Amino acid sequence: MKWVVRGAIALVLVIVLAVGGAFAALATFDPNNYKDKITTVVKDSTGRDLVIGGDIKATLFPILGFEVSDISMGNPSGYASNDFLRVSAAQAGVKIMPLLQRRIELTKVVLDEPSINVIKNTDGSTNLTFGGNKDAKVSATGGTPAMDLSIGAVEINNAKVTYTDRATGKTTIIDPLNLTLPGYAPDTATDVDIDMVLKSGETTTKIDGTAKAETSSGDGALYLSNVKANIATTAPALAEEVKVKLSGSGHMNPKTQDIKLNIPDMTVSWQDTDVKGKATISGKMSAPNTQFSAMASSVNIDNILSGIKKDGTNKNPEKPLLQVDFLRTLNMDGEINIQKIVLT
């Protein structure tokens, strides 16, 4: 059994030396040497200016990796002068063995409090369009080794997304947004966990869901499957929140603005009334077509009317009780089957 003991000791020594070597390499490795190269690659591949305000720091605790703060990316010409993207802090964990070979393989990227400003112009264009040379790579110059980089999981914490439509003058805010992508890669399905709060006017919608997501490197579309979501909407005019539970699949393409969502199972609950149904949403994101069917075994009109506040909540007669702007953009065709209606 001596060879087993010796083998175990040898294995422990190899692990200790590898970890020690990784720590030594990380302690002497200065990632700031790559700061200019990173901003150059981003500029070449996106056409946007990236600013890294803080130093890139090698970290040993709480994760073995890198940490950077104060990151921002500008807008293209024709949009607001403020930043398109700003990140308070970012952390990235690294694999040990590739680091010894001067390769950076990120196991996890964490973005804290990123802020994204999306703007839609009156002509329909948005600042989500990126230009530049998509094949740009970091090359070795001045004796500095080329950057060999790969990314694993992505975690976004407390993000804020502001969407401004210049045609309508309306602003929609998602705050906060939390998103987890464990092991994301193009053309590979990955689990997605998301929760967010959407605010439009005085209406607030909370969304908590999971899905499998896959982006296509060919057409840039996002494909979703195994979607499960819980949605709760509140508004000053409602006595209690409207709850929606759904499951489905679909895809959307930011480039062509095409969308198709299949929702075979959906339940809407409010004021002791449950409506079950299914729907298909397809077409352009700006004005999709919706086909649906819904069924309720019983609808109590008295309960529904009591759930709408009338005292002092709508002093402006031109102001709607509920923000239904999104519903007005839908071309809807369907049927509703109610087996029993209660009205006293």
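## Aspartate 191 and its partner

Aspartate 191 counts as partly exposed, at 41% relative accessibility; buried means under 20% relative accessible area, exposed over 50%, and partly exposed in between, using a 1.4 Å probe and protein chains only. Its side chain meets that of lysine 212 in a salt bridge, 2.7 Å from N to O. This pair links distant parts of the chain: aspartate 191 sits in strand β8 (residues 190-200) and lysine 212 in strand β9 (residues 203-215), 21 residues apart. Lysine 212 is partly exposed too, with a relative accessible area of 30%.

Two terms deserve a quick explanation. A salt bridge is a side-chain nitrogen of Lys or Arg within 4 Å of a carboxyl oxygen of Asp or Glu. Helices (H or I, at least four residues) and strands (E, at least two) are DSSP runs, numbered from the N terminus.

## About the model

You are looking at a predicted model, where local features need pLDDT of at least 70 and side-chain atom pairs count only at pLDDT 80 or more, while totals for chains, interfaces and linings use all residues. Residues are numbered from 1 along each chain as its sequence is written, and side-chain values use heavy atoms, leaving out hydrogens and water.

How many salt bridges does the structure hold? There are eight. Side chains of opposite charge can pair when their charged atoms come close.

One of the bridges joins lysine 35 to aspartate 55, with the closest N and O atoms 4.0 Å apart. Here too, distant parts of the chain are linked: lysine 35 lies in helix α2 (residues 35-46), and aspartate 55, 20 residues apart from it, lies in the loop between β1 (50-52) and β2 (57-59). Is lysine 35 buried or exposed? Lysine 35 is buried, with a relative accessible area of 17%. Elsewhere, Asp70, Asp83 and Arg86 are linked in a network of salt bridges.

Aspartate 49 forms a salt bridge with lysine 43 through their side chains (3.1 Å, N to O). Both residues are partly exposed: aspartate 49 has a relative accessible area of 49%, and lysine 43 has 36%.

Now find proline 76, in the loop between β3 (65-73) and β4 (85-94). Its C-alpha atom is separated by 9.0 Å from that of aspartate 49, although the two residues are 27 residues apart along the chain. Leaving aside neighbours within four places in sequence, proline 76 is in contact with Arg48 and Asn127, where contact means heavy atoms within 4.5 Å.
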